[in-house]
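Visitor: I would like to learn how to read a model such as this one, feature by feature. Could you take me through it, giving the general idea and then the case at hand?

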Amino acid sequence: MCIRDRNISTYLDIAYHDVDNSSNYLSIDNTILLINGSNSNYDSITDLGNNYFRVSGITLFYNLPIGDYTLNVTLYNVENYSSATRLIPFSIRERNTEILYEPIGNIPWGLNTTLTLAYHDVDEPSNYITITEQNVLINGTTEFGSITDLDNGYFRINDISFVKSLSIGTHILNVTIYNIQNFSKAVKLITFTIREHQVELTYDPPQKIPWNTNLTLTIQYYDIDNSSYPFIPNNESVLI
């Protein structure tokens with residue numbers, strides 16, 4: 001038997017079998033069942049209708065450290081029948097986890113980005129685990145700003161600064177969340193794209209120009225992504 005994870009009680013399906021009469025199975029209730037020497041280490045017993053009984057809410061599993069253990073199950077005190085004891089090995093393991101995230105989309109070249117993600121408990125789907133800056137690696141580093149709790153199970157990793165130095169093209173963020181007690185490490189590869197900046201060209205409409213006179217044109221080259229006007233280094237950057 002493998003217990004799913006820490007802090008979650010589990011059940012055990014058992015049968016009390018008459019060895020001398022192989023077709024005979026005895027009924028089980030809390031007056032004849034001991035688990036680790038007590039009938040208070042579980043919540044209830046349910047008849048499954050197939051000669052087996054389900055022992056539910058085995059509370060002694062709560063807060064056991066991760067490791068291997070043995071459950072001592074005893075059936076006794078039934079008139080004309082011998083007691084029976086079974087040692088059942090089980091393990092407490094880390095909870096399985098996964099990283100959920102919101103797609104990053106396309107990032108303008110030279111800008112940093114943020115990442116919104118959640119550290120999700122696969123064994124208990126309603127559970128989202130809190131993370132801090134000490135629990136996250138992105139591409140093997142901690143080159144990012146603070147982490148903001150969005151209060152919905154998700155966290156925003158701010159200012160992933162090394163993205164600014166990446167060239168135009170497709171890249172991968174290797175995100176690792178680790179070092180949280182009783183929860184497994186989770187890794188997610190997130191693909192994103194660095195693109196050129198979106199720009200627009202504006203101009204002042206010229207007035208009427210006398211024949212055989214040069215035209216002076218005033219233009220503005222506006223970077224929409226960066227809300228700025230990039231410097232145009234020389235006339236080789238301008239074609240008319």
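Guide: Let us begin with Asp159, which sits in strand E15 (residues 155–160); strands (E, at least two residues) and helices (H or I, at least four) are DSSP runs, numbered from the N terminus. This is a predicted model, in which local features need pLDDT of at least 70 and side-chain atom pairs count only at pLDDT 80 or more, while totals for chains, interfaces and linings use all residues. Residues are numbered from 1 along each chain as its sequence is written, and side-chain values use heavy atoms, with hydrogens and water left out.

Visitor: What is the phi of Asp159, and is Asp159 buried or exposed, or something in between?

Guide: Most residues other than glycine have a negative phi. Asp159, although not a glycine, has a positive phi of about 55 degrees. As for accessibility, buried means under 20% relative accessible area, exposed over 50% and partly exposed in between, with a 1.4 Å probe and protein chains only. Asp159 counts as partly exposed because its relative accessibility is 43%.

Visitor: Where is Asn182 placed, and what is its phi?

Guide: Asn182 lies in the loop between strand E16 (169–177) and strand E17 (186–195), and it has a positive phi of about 75 degrees although it is not a glycine. With a relative accessible area of 17%, Asn182 is buried.

Visitor: How many helices and strands are there in the protein, and what does its overall form look like in numbers?

Guide: The protein has 0 helices and 19 strands, and its C-alpha trace spans about 125 × 35 × 25 Å along the principal axes. The radius of gyration is taken over C-alpha atoms, and the rule for a globule is 2.2 Å times the number of residues to the power 0.38; a compact globule of 240 residues would come near 18 Å, whereas this protein has 33 Å. Buried residues make up 32% of the 240 residues. Contact means heavy atoms within 4.5 Å, and among contacts between residues at least 6 apart in sequence, 56% join residues at least 24 apart.

Visitor: Which residues does Val163 touch, and where does Val163 lie?

Guide: Val163 lies in the loop between E15 and E16, and it is buried, with a relative accessible area of 0%. Not counting residues up to four places away in sequence, Val163 touches Ile107, Leu111, Thr113, Phe192 and Ile194. Gly110 belongs to the loop between strand E10 (106–108) and strand E11 (113–121), and at a relative accessible area of 25% it is partly exposed.

Visitor: How far apart in space are Asn24 and Thr132, and what does Asn24 touch?

Guide: Asn24 and Thr132 are 57 Å apart, C-alpha to C-alpha, and 108 residues apart in sequence. Asn24 is found in the loop between E2 and strand E3 (25–26), is partly exposed at 22% relative accessibility, and touches Tyr16, His17, Asp18 and Tyr81, again leaving out residues up to four places away in sequence.

Visitor: What volume does the largest pocket have, and which residues lie nearest its centre?

Guide: On a 1 Å grid over the protein atoms alone, a pocket is an open set of points where a 1.4 Å probe fits, with protein on both sides within 12 Å along at least five of seven lines, and lining residues have an atom within 4 Å of a point. Grid points are joined across faces, edges and corners, and a volume is the space filled by probe spheres set on the points. Here the largest pocket has a volume of about 340 Å³ and is lined by 15 residues, of which Ile14, Ala15, Leu75, Arg86 and Ile88 lie nearest its centre. The largest share of that lining, 4 residues, comes from E8.
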